[in-house]
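Subject: Structure handover

Hello,

Here is the structure I promised you. Please open it first, then read my notes below.

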Amino acid sequence: MSSSELPRKEANVLKGHEGAVLAARFNSDGNYCLSCGKDRTIRLWNPHRGIHIKTYKSHGREVRDVHVTPDNSKLCSCGGDRQIFYWDVSTGRVIRKFRGHDGEVNAVKFNEYASVVVSAGYDRSLRAWDCRSHSTEPIQIIDSFLDTVMSVCLTKTEIIGGSVDGTVRTFDIRIGREISDDLGQPVNCISMSNDGNCILASCLDSSIRLLDRSTGELLQEYKGHACKSYKMDCCLTNSDAHVIGGSEDGSIFFWDLVDASVVSKFRAHSSVVTSVSYHPKDNCMITSSVDGSVRVWKT
């Protein structure tokens, strides 16, 4: 994919949130997206047509993260009210609330079977919750972190967490093994490469680091953006050719994966970029910002 094919043209602006939008995520096929924010709501959109479909309200504080199941039937969300909400997408009802975190919850993810939700908390823990059980107790608690857990990724057999303590920790659920990679800088977001071989970690020293998952080796660092005090997403394009990150000045950066050069940068928002999400198949991405908007970008 050449840099000319990167999504830099604004296709739609999704407006409706009052106040900062804290996350925006495509669903698994890229036809829809979800956003959440300071106004305590989650919103479902068709980003390609610029249409708002539904609003989900039940949180008592800001909503920091949202994730939808592969079949689009359920979603999970988390935020300042310390609870994980498990929703029915079509009715908009909350099916269950998982309580147990002793502080704000920063991130949530479903496993691929949509049977388990894993949450990352201010209380230095990762917690796993069984969506099918009526128990509200977590089925697993991982509390070896020394500071806030900001972000979580899942594979078939592992839970991976990124923390302000400077580590990315990988827990193999089958054999109960933990591997810790210390980056030496607070980690505020992690995401996995599409081939599953690497972890991208955004750190608060305005640097995004690429780690080899099997060896823990630092493969590359991506710089030029400002990331010092906000939780900001980073991700890879769907071909793994470019790294994408937001900046506190409202810019979006595209770096070449291999040589870490800035291939493109443009001003996407008038304030801090909180989130970037790349379409699973097409050259399309969505970004969200403290400026209250979600923007859809195409080639």
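Which side chain meets that of Asp102 in a salt bridge? The partner is Arg82, with 3.6 Å from N to O. Keep in mind that this is a predicted model.

Now look at where the two sit. Asp102 lies in the loop between β9 (94-99) and β10 (105-110), and Arg82 in the loop between β7 (74-79) and β8 (83-88), so the pair ties together parts that are 20 residues apart in sequence. Asp102 is exposed, at 59% relative accessible area. Arg82 is partly exposed, at 42%.

The whole structure has 16 salt bridges. Two others are worth a look. Asp123 pairs with Arg127, with the closest N and O atoms 3.6 Å apart. Both Asp123 and Arg127 are buried. Asp172 pairs with Arg174 at 3.5 Å. Here Asp172 is buried, at 7% relative accessibility, whereas Arg174 is exposed, at 63%. There is also a network of salt bridges that links Asp205, Arg209, Glu221 and Lys223.

Next, a sheet. Four strands form an open, antiparallel sheet in the order β18-β19-β20-β21. Its edge strands are β18 (187-192) and β21 (218-223), each pairing on one side only. From one strand to the next, the twist averages 20°. Five bridges join β20 (residues 207-212) to β21. Leu210 stands opposite Gln220 in β21.

Residues 98-130 are 58% strand and 0% helix, with end C-alpha atoms 9 Å apart. For residues 266-299, the values are 56% strand, 0% helix and 13 Å.

Best wishes

How values were computed. Residues are numbered from 1 along each chain as its sequence is written. This is a predicted model: local features need pLDDT of at least 70, side-chain atom pairs count only at pLDDT 80 or more; totals for chains, interfaces and linings use all residues. Side-chain values use heavy atoms; hydrogens and water are left out. Helices (H or I, at least four residues) and strands (E, at least two) are DSSP runs, numbered from the N terminus. Two strands pair if DSSP finds at least two bridges between them. Axes are lines fitted to C-alpha atoms, for helices over the stretch in contact, and angles run from 0 to 180 degrees between N-to-C directions. A salt bridge is a side-chain nitrogen of Lys or Arg within 4 Å of a carboxyl oxygen of Asp or Glu. Buried means under 20% relative accessible area, exposed over 50%, partly exposed in between (1.4 Å probe, protein chains only).
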